[in-house]
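Thanks for making time this morning. I would like to walk through a few local features of one model, and I will give the cut-offs as we go.

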Amino acid sequence: MNLTLKPAAGLSGVVIPAADKSITHRAIMISALSEGVSVIDNYLAAGDCVSTLKAFEQMGVRHEIKGGSVAVHGRGLGGLSKPSGIIDAGNSGTTVRLLSGILAAQNFSATITGDASLSKRPMKRIIEPLSLMGASLKAREGTYLPLEIAGNPELKPITYKSPVPSAQVKSCVLLAGLFAKGVTRVIEPVKSRDHSELMLLDAGADIRVNGLEVSVTGPARLKAFNKTVPADISSAAFFMVAGLICGKSSLEIKGVGVNPTRDGILEVLMKMGAKIKLTPVSGALREPVSDLRVESSALEAVNISGGIIPRLVDEIPVLVLAATQARGTTVISGAGELRVKESDRLKTVSSQLNLMGADITEKADGLEIKGPTKLKGAAVESFGDHRVAMTLAIASLIAEGETVISDVDCVNTSFPEFFGILKNISGAA
Ligand code: S3P
């Protein structure tokens with residue numbers, strides 16, 4: 001579906017962003033491997049997480065949805081059955097990569113496919129460690145879906161020094177490590193999001209963290225747990241930037257997960273001069289949560305590189321938009337991972353924002369953004385990438401004239417309510 005959007009004079013109101021995608025995936029997977037019924041409140045009922053729920057349903061894990069909660073009937077570590085057919089991960093990289101760690105330890109084989117975008121994303125990064133643990137994995141050209149996994153119930157523990165700063169790789173190895181007898185260790189080049197570690201602790205696993213090393217002792221016995229999923233900072237980010245750059249705006253963004261491995265966007269925006277006030281919400285266990293008050297602000301350019309990249313990796317598209325409105329040249333480097341996301345985000349974001357009048361130069365592993373630039377409405381493409389579509393929609397709020405964005409349905413993979421919220425806070429008809 002194509003969508004035509006008009007500029008807005010300012011934004012006001014309350015935003016409740018979609019529930020956290022990373023935490024929802026993990027809650028479904030870890031509860032499926034636990035003994036008993038886990039209740040996950042405020043789970044993300046969007047495309048990517050539905051793919052995960054369906055995959056476990058195919059392996060005999062029942063769930064019931066009641067309002068905004070899902071109850072997962074865990075089957076314990078040894079309780080999965082051979083899937084009733086090919087598992088379709090849709091657009092979801094997290095589904096494939098984390099699920100592969102679990103499938104690697106089963107006494108059956110399974111095949112995972114996905115949509116056109118997911119079929120272009122590299123899986124060698126998980127094939128390598130899982131093969132070292134003793135599973136057999138076959139992929140097209142050694143790295144692309146479909147991925148065939150012949151499980152090995154006698155997985156060996158390994159110490160894996162991951163060459164990529166990826167929470168998906170780390171989580172994949174840790175999930176496989178639950179099944180291997182002994183201590184499995186993952187050493188990351190830079191700390192990535194730690195939701196898997198925190199939730200495995202909720203479920204009673206023996207997880208230890210020492211700097212960049214995380215270990216798990218297997219075989220684990222996991223017990224059911226209850227979890228309330230906070231709002232996704234990656235979804236909130238679109239409205240943070242919208243509030244900062246759009247006319248005279250004041251937004252309240254509620255219940256946002258501000259885990260320190262995910263909050264790089266707040267650090268960078270504040271360095272740019274953003275007026276964002278955090279009010280911690282009490283009672284959040286392990287995963288901190290805050291309400292955010294965002295006021296329109298004059299922004300200054302910044303440099304974004306190194307260890308902060310994994311803490312804001314999914315927010316770079318919308319940060320690029322913020323940088324187009326900041327005074328000076330913003331330089332993003334060390335962000336080559338963006339080329340293997342749902343689209344090549346360095347290319348797709350820069351090319352589409354440039355069509356709207358931005359001044360962005362693409363580099364091998366980053367971008368240079370000169371600001372501030374006036375944006376104008378244009379016909380732009382999402383390339384089927386939800387975060388590109390949402391970035392362009394926020395850009396349209398400050399562009400002169402109408403913006404037509406192609407293929408916006410992809411937003412349903414992570415944030416189905418996005419356009420409805422946008423309409424409410426901009427007072428659009
Ligand atoms: C995710 C990790 C990140 C992120 C993705 C979700 C996760 O990917 O980009 O959207 O839930 O673990 P990488 O592990 O590839 O960095």
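I will take a helix pair, then a strand with its neighbours, and finally some backbone details.

What you see is a predicted model, in which local features need pLDDT of at least 70 and side-chain atom pairs count only at pLDDT 80 or more, while totals for chains, interfaces and linings use all residues. Residues are numbered from 1 along each chain as its sequence is written, and side-chain values use heavy atoms, with hydrogens and water left out.

Let me begin with the helices; helices (H or I, at least four residues) and strands (E, at least two) are DSSP runs, numbered from the N terminus. The axes of helix H7, residues 233-245, and helix H8, residues 264-271, come within 10 Å and cross at roughly 15°, where axes are lines fitted to C-alpha atoms over the stretch in contact and angles run from 0 to 180 degrees between N-to-C directions. H7 is therefore roughly parallel to H8, a term that covers angles under 35 degrees. On the H7 side, Ile233, Ala237, Met240, Val241 and Leu244 meet Ile265, Leu266 and Leu269 of H8, with contact meaning heavy atoms within 4.5 Å. Sorted by class, this contact of H7 with H8 has eight nonpolar, no polar and no charged residues, where nonpolar takes in Ala, Val, Leu, Ile, Met, Phe, Trp, Tyr, Cys and Pro, charged takes in Asp, Glu, Lys and Arg, and the others, Gly among them, are polar.

Turning to the strands, how many of the seven residues of S17 are buried? Five are, so to speak, under cover in strand S17, residues 289-295, with buried meaning under 20% relative accessible area, exposed over 50%, and partly exposed in between, using a 1.4 Å probe and protein chains only. Strand S15, residues 250-257, runs antiparallel to S17 and is joined to S17 by six bridges, and Ser250 has Glu295 as its bridge partner. Strand S16, residues 275-280, also pairs with S17 in the antiparallel sense over six bridges, with Leu278 standing opposite Leu292; pairing here requires that DSSP finds at least two bridges.

Lastly, the backbone. Most residues other than glycine have a negative phi, and most peptide bonds are trans. The bond from Leu145 to Pro146 is cis, with omega near 0°, and Pro146 is found in strand S9, residues 144-150. Glu141, in the loop between strand S8 and S9, has a positive phi near 55°, and at 66% relative accessibility Glu141 counts as exposed.

Key: Parallel < 35°, antiparallel > 145°, perpendicular 65-115°, else oblique.
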